[in-house]
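These notes are meant for a colleague who is opening this structure and would like a guided reading of it. The points below are numbered so that each can be checked in turn.

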Amino acid sequence: VLLNSVIHILMYTYFMAKTLFPNLQIRSAKYLTTAQMAQFLTGIIYTLPTYFLGSSCGTSSSILMLALTQMYAAGLLILFFQFSKKKYSKKKAATEKKEE
């Protein structure tokens, strides 16, 4: 929960800055995206042991909900990875072309 809160504070601070100053170049945006992906991956990995604890960790419906939540997080991880690759790879390629 703490990790999620920190990520969201940073995210909304970024959104506020871009809203107030649309032309502002924020170089740390790439790292914010990486932090969000790390959050999703951490959540998935951290909850994996639940499957091995058996019935001592809840009902079958709670295990099902955990699985659905993990699949949702995995989907977000894939989408954020594709976004990051698309957005930040172009900038890197453009920078390399300018240097040539």
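1. Helix H1 has 19 residues, and the distance from its first C-alpha to its last is 27 Å, close to the 27 Å expected at 1.5 Å a residue. Please keep in mind, here and throughout, that this is a predicted model.

2. The buried residues of H1 are Ile7, Met11, Tyr14 and Ala17. When the helix is viewed down its axis, these buried residues of H1 fall within an arc of 125 degrees, so they line one face of the helix. On the other side of H1, the exposed residues are Leu2, Ile9, Tyr12, Met16, Thr19 and Leu20.

3. As for the chain as a whole, the protein chain contains three helices and zero strands, and its elements run α-α-α from the N terminus on. Of its 100 residues, 19% count as buried.

4. The 19 residues of H2 should span 27 Å at 1.5 Å a residue, and the end C-alpha atoms of H2 are 28 Å apart, which agrees. The buried residues of H2 are Ala29, Leu32, Thr33, Gln36, Met37, Gln39, Phe40 and Ile44. Seen down the axis of H2, these buried residues fall within an arc of 145 degrees, so they line one face of the helix. Tyr31 and Tyr46, in contrast, are exposed on the other side of H2.

5. How many aromatic pairs does a search of the whole structure find? The search finds four aromatic pairs, and one of them joins Tyr12 and Phe15, whose rings are 5.9 Å apart centre to centre with 65 degrees between the planes, an edge-to-face arrangement. Tyr12 and Phe15 are three residues apart in helix H1 (residues 2-20), so they are separated by about one helical turn. An α-helix has 3.6 residues a turn, so residues three or four places apart point the same way. Phe15 is partly exposed, with a relative accessible area of 42%, whereas Tyr12 is among the exposed residues of H1. Ring pairs also link Tyr12, Tyr14 and Phe15 into a cluster, and within that cluster Tyr14 is one of the buried residues of H1.

6. Returning to Phe15, its relative accessible area of 42% makes this residue partly exposed. In another aromatic pair, the rings of Phe40 and Phe80 have their centres 5.2 Å apart and their planes at 70 degrees, so this pair is edge-to-face. The pair links distant parts of the chain, since Phe40 is in helix H2 (residues 29-47) and Phe80 is in helix H3 (residues 60-99), 40 residues apart. Phe40 counts as buried, at 15% relative accessibility, whereas Phe80, with a relative accessible area of 21%, is partly exposed; the cut-off for buried is under 20%.

7. Ala35 lies in helix H2 and counts as partly exposed, at 24% relative accessibility. The C-alpha atoms of Ala35 and Ile7 are separated by 7.1 Å, although these residues are 28 residues apart along the chain; Ile7 is one of the buried residues of H1.

8. Ile44, which also lies in helix H2, counts as buried at 15% relative accessibility. Ile44 and Met71 are 27 residues apart in sequence, and 8.6 Å apart in space from C-alpha to C-alpha.

9. Is Tyr88 buried or exposed? Tyr88, which is found in helix H3, counts as buried at 13% relative accessibility. The C-alpha atoms of Tyr88 and Ala29 are separated by 9.6 Å, and the two residues are 59 residues apart along the chain; Ala29 is itself among the buried residues of H2.

10. A last point concerns the surface. Which residues form a nonpolar patch there? The patch is formed by Leu41, Ile45, Leu48, Tyr51 and Phe52, which together have about 510 Å² of accessible area. Of these, Phe52 lies in the loop between H2 and H3, and Phe52 is exposed, with a relative accessible area of 72%.

Notes. Residues are numbered from 1 along each chain as its sequence is written. This is a predicted model: local features need pLDDT of at least 70, side-chain atom pairs count only at pLDDT 80 or more; totals for chains, interfaces and linings use all residues. Side-chain values use heavy atoms; hydrogens and water are left out. Rings of Phe, Tyr and Trp (its six-membered ring) pair if their centres lie within 6.5 Å; planes under 30 degrees apart count as stacked, over 60 as edge-to-face and the rest as tilted. Helices (H or I, at least four residues) and strands (E, at least two) are DSSP runs, numbered from the N terminus. Buried means under 20% relative accessible area, exposed over 50%, partly exposed in between (1.4 Å probe, protein chains only). The expected span of a helix is 1.5 Å times one less than its number of residues. The arc is that of the directions from the helix axis to the C-beta atoms. Patches are made of residues with over 30% relative accessible area and no salt bridge: like charges are joined within 9 Å, nonpolar side chains (Val, Leu, Ile, Met, Phe, Trp, Tyr) within 5 Å. Accessible areas come from the Shrake-Rupley method with a 1.4 Å probe; for residues, only the protein chains shown count as cover. A salt bridge is a side-chain nitrogen of Lys or Arg within 4 Å of a carboxyl oxygen of Asp or Glu.
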